[in-house]
Amino acid sequence: MSRDSDELLYVISAKKEMPWLSFKQAFNYLYSLNRTACSEEGDDIKDKRLSTVRALDSLGHCEFDFTDNNRKVYVTPPVLIRLPSAGFPQAILAGFRTPNTIDKLRKVCQSVEQNIKIEVTEQREELVLVPKRIAVQAEDVSELQKIASQLAMNFIETPSAWSLLNYSASLEDYLTNCQWSNESELNWKRQTFDPNILRFLPSPSSMGGASGMKVPNIRLSQYQHPSRNTQIYYLWQEERCTQVERDWGRYAVINAANIKVLIYDKRRFMMAVPVGAKLPKLLERALTLCSGYVPTVEKLPLEKLTSNSSIPKPKEVVNGLNVKGFNLFRDVPPQIAEMTAAKLGQTLLLQSLDVKL
């Protein structure tokens, strides 16, 4: 039975805000209705839910507050988000959505200008509860402003991708603001991030990673709460430590190991980010809002991709980075790709990405 991929967003919009537990229940129910038709047997519903959460956040549909025990999900106000694309101005619809949103949008667009184009496309097939991409193309920015005004929603002429990049801290800023201390090691179950294979390992890797390579004198450890199903992350350097967000912490260790992981195709405007080195929240949202499409997960032949790089790559690293593939972001302008890499202290690996989207 074919179902509407916007259903989950409809539920959140109707509630406006909802406890995390209610969100999980709504997701699990709607996902179970789609599972037989769209998912392979054995799919992990927790992984699907986390992927959907990340997509809803990156597309600007929702905000997720996990700062305390009273965790909540909020729908964002409806907004037309301008894309940083060349040619005619384009914008995507994000935030609050109802079953008649698309019909309202079509009527308003026709009243503003007959030549305005609306494109409605599904996101990645396996993400059955990620809302459809609704894009509007006009001949002039003023037309997008009129559409937003008639729909009583916000529109900002500057593409959000640029605003988010400028607002986001850099890795250097993030680490400078961390509060370091000389705390003792937690006695919780621990895994340590190995930058050579971009994975957390059950055993400490301070003397060498799974690839047999020596890792830098800095480590990122994940601790499992003994009674809750939650994790916290600490960055350690010698005897000092600081609690960090996982995504920032991974890049701190990757950079300390002098490993370059971000790949960009200038010809096709595509950027590849390893699954094991996901971008911090605002940077991922910025890249996602270059196109309005959730990144696809692709396997890339890294031996070929890194062969022309001036930075030597041991074969073990190449094989490790290729294990889980890459998140592939489309329609990313060169300036945004370069600025994203600079925020993370990275240098882009410029290569041709021969993949189909």
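**Exercises on two residues of a predicted model**

Ser5 is buried, its relative accessible area being 4%. The structure is a predicted model, and the exercises below start from this residue.

**Exercise 1.** Determine where Ser5 lies in the chain, why Ser5 counts as buried, and which side chain Ser5 joins in a polar contact.

*Solution.* 
1. Ser5 is placed in the segment that comes before α1 (7-15).
2. The cut-off for a buried residue is under 20% relative accessible area; Ser5 has 4%, and therefore counts as buried.
3. Apart from residues up to four places away in sequence, Ser5 touches Glu122, Val128, Leu129, Val130, Pro131 and Lys132.
4. With one of these, Glu122, the side chain of Ser5 makes a polar contact of 2.8 Å.

**Exercise 2.** Classify Gln150 as buried, partly exposed or exposed, and state which residues Gln150 is in contact with beyond its neighbours within four places in sequence.

*Solution.* 
1. Gln150 belongs to helix α5, which spans residues 141-150.
2. Its relative accessibility is 49%.
3. Once neighbours within four places in sequence are set aside, the contacts of Gln150 are Val108, Ser111 and Val112.
4. Between the C-alpha atoms of Gln150 and Cys109 the separation is 9.5 Å, the two residues being 41 apart along the chain.

**Exercise 3.** Describe the protein chain as a whole: how many helices and strands are there, and what percentage of residues is buried?

*Solution.* 
1. The chain contains 12 helices and 18 strands.
2. Of its 357 residues, 51% are buried.
3. Among contacts with a separation of 6 or more, 68% involve residues 24 or more positions apart.
4. The accessible surface is about 17700 Å², and carbon and sulfur atoms account for 48% of that surface.

Technical notes. Residues are numbered from 1 along each chain as its sequence is written. This is a predicted model: local features need pLDDT of at least 70, side-chain atom pairs count only at pLDDT 80 or more; totals for chains, interfaces and linings use all residues. Side-chain values use heavy atoms; hydrogens and water are left out. Helices (H or I, at least four residues) and strands (E, at least two) are DSSP runs, numbered from the N terminus. Buried means under 20% relative accessible area, exposed over 50%, partly exposed in between (1.4 Å probe, protein chains only). Contact means heavy atoms within 4.5 Å. Accessible areas come from the Shrake-Rupley method with a 1.4 Å probe; for residues, only the protein chains shown count as cover. A polar contact is a pair of N or O atoms within 3.5 Å; within protein, one must be able to donate a hydrogen and the other to accept it, and residues adjacent in sequence count only if both atoms are side-chain atoms.
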